[in-house]
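Subject: Structure handover

Hello,

Here is the structure we talked about. Please open it beside this email and follow along.

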Amino acid sequence: MPHSQSSAPRGRVRLARGASPWLLPTVATAALSLARSRRSGRWAAVAVPTTALAAGMLWFFRDPEREITQGRVISPADGVVQSIMPWKDGRTRVAIFMSPLNVHVNRAPLAGTVTSVEHIPGGFVPAFNKESENNERVVWHFDTELGDIEMVQIAGAVARRIVPYVPQGTKVEQGERIGLIRFGSRVDIYLPEGVEVDVEVGQPTIAGVTRLDRD
């Protein structure tokens, strides 16, 4: 059965939910400084950096439509595969590093039911650092056709706010938007025992598009 998001026009871009607290004040300041710059050189000096910052925010909080890939497990995040690590319980952890240039809206790796969304307080070291495993994070569990799937959104040095879009008990489609991490971060997904990884360290990923496993 095709995904509901597949019919969305490709190339269409909207702004991510959860962007308003950062975006609105920045855009308002830029608009004010631009309006006043016509009458004041001081405001003109302010308008340049505030307008550049507003443009950067609009770019960062972009949320493009995606043609969702068919496959058992797809990437929940845009970024680069940072590590692939076998776990003691037989699972394999795939860690995806998200730079500030990536889209920061995360998507469901499989269709299923959200059985748990747990916020865990922690630090804010850079997401590419090994100690980032103790950072502020949100741990997701999905009940899927492959069993329980764990996904972890990890805040980085700048990303100090994770915004879940759906609560526990929600049924989600594969590739559906489920949350946002503001500014540079990491997403880990744990593939069940017996599921073979089909990506490599250093490989770019696109949320909802890159398949993580092989048949």
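A nonpolar core is a set of buried Ala, Val, Leu, Ile, Met, Phe, Trp, Tyr and Cys residues joined through side-chain atoms within 4.5 Å. Keep in mind that this is a predicted model.

**The core**

Start with the largest nonpolar core. This core has 34 residues. Those with the most contacts inside it are Val94, Trp140, Phe142 and Ile178. Which strands supply at least two residues each? They are S4 (92-98), S7 (137-144), S8 (147-155), S9 (162-164), S11 and S12. In soluble globular proteins, nonpolar side chains tend to be buried together.

**The salt bridges**

Next, the charged pairs. The structure holds 11 salt bridges. Here are some to look at.

Asp63 pairs with Arg177, and their closest N and O atoms are 2.7 Å apart. This pair links distant parts of the chain. Asp63 is in strand S2 (residues 62-64), while Arg177 is in strand S11 (residues 177-181). They are 114 residues apart. Are these two residues buried or exposed? Buried means under 20% relative accessible area. Asp63 has 2%, so Asp63 is buried. Arg177 has 10%, so Arg177 counts as buried too.

Asp78 and Arg66 form another salt bridge, at 2.9 Å from N to O. Both residues sit in the loop between S2 and S3 (79-86), so the pair ties together parts that are 12 residues apart in sequence. Asp78 and Arg66 are both buried.

Arg214 and Glu196 also make a salt bridge, with the closest N and O atoms 2.6 Å apart. Arg214 lies in the segment after strand S13 (204-205), and Glu196 lies in the loop between strand S12 (185-191) and S13, so this pair ties together parts 18 residues apart in sequence. How exposed are they? Arg214 is partly exposed at 33% relative accessibility. Glu196 is partly exposed as well, at 44%.

Finally, look for a network. Arg72, Arg211, Asp213 and Asp215 are linked by salt bridges.

Best wishes

Terms used:
Residues numbered from 1 in each chain as written. Predicted model: local features only at pLDDT ≥ 70, side-chain atom pairs only at ≥ 80, totals over all residues. Heavy atoms only, no water. Salt bridge = Lys/Arg side-chain N within 4 Å of Asp/Glu carboxyl O. Helix = DSSP H or I, 4+ residues; strand = E, 2+ residues; numbered from the N terminus. Buried < 20%, exposed > 50% of the residue type's maximum accessible area, 1.4 Å probe, protein only.
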